[in-house]
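Work through the exercises below with the sequence and the model at hand. Each task is followed by its solution.

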Amino acid sequence: QVGAFDAWADGYTGAGSKVAIIDTGLDLLHEAFAADAFEYSLSQLDGEYDLLTEEDIAAVLNQLNVVEWRPGTTAAQLYANSKAPFAFSYIDGDLDVSHYNSEHGSHVAGISAANKYVESDGKFVESLLATGVQGIAPDAQILVMQVFGNGGGAYDSDYMAAIEDAIILGADSVNLSLGSANPGMSRSATYQTVLDNLVGCG
């Protein structure tokens, strides 16, 4: 329905793109997000791609809201792996982005960027054949920004901070699957500026 097969047929894989998933976290051990399969997929493509690295995070570390949430945090701690080069829990102010009551974050990340390959019997096979699942941009990196806590709720201050950090980290797209009884424009001038800055990065 969204034209994913047409995009793949045209050679679009999302390689070099960074997708920020501001949600409930991510199962970093799930086969759909395995770093070695991600790296294998990139090796099958022609060209070099601009990937977010630990060094890139270190270069902007002092600009990130993370350092206010958790002083002393290093780029090495934030860098999970090549597929998910940034992982932080804004709701708890720590490095654990495991799911609480909902795996929604992994579901959204899978739709966005589940890998093209999975490992099976010591070799990489196409995910669509092995599991029937592939992200729309399978070769994109995922910035994991957890904003939902154990109770299921999220604070606007947390996801606005995550949006700001996504901008600084160079995210090409930012996903927030948030529900609200009163959606629309922000009533906060500060928050509206953050959203305007995000739109301006597109």
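Two strands pair if DSSP finds at least two bridges between them. Helices (H or I, at least four residues) and strands (E, at least two) are DSSP runs, numbered from the N terminus. The model is predicted: local features need pLDDT of at least 70, side-chain atom pairs count only at pLDDT 80 or more, and totals for chains, interfaces and linings use all residues. Residues are numbered from 1 along each chain as its sequence is written, and side-chain values use heavy atoms, with hydrogens and water left out.

**Exercise 1**

Solution. Within β6, Val174 is the bridge partner of Ala20.

**Exercise 2**

Describe the pairing of β3 and β4 and the residues between them.

Solution. β3 (residues 117-120) runs antiparallel to β4 (residues 123-126), over 4 bridges. Tyr117 is opposite Glu126 of β4. The hairpin has 2 residues between its strands, and Asp121 has a positive phi near 55°.

**Exercise 3**

Determine how α8 packs against α9.

Solution. Axes are lines fitted to C-alpha atoms, for helices over the stretch in contact, with angles from 0 to 180 degrees between N-to-C directions. The axes of α8 (residues 156-168) and α9 (residues 189-200) lie 10 Å apart, at an angle of about 30°. Angles under 35 degrees count as roughly parallel, over 145 as roughly antiparallel, 65 to 115 as roughly perpendicular and the rest as oblique. The two helices, α8 and α9, are therefore roughly parallel.
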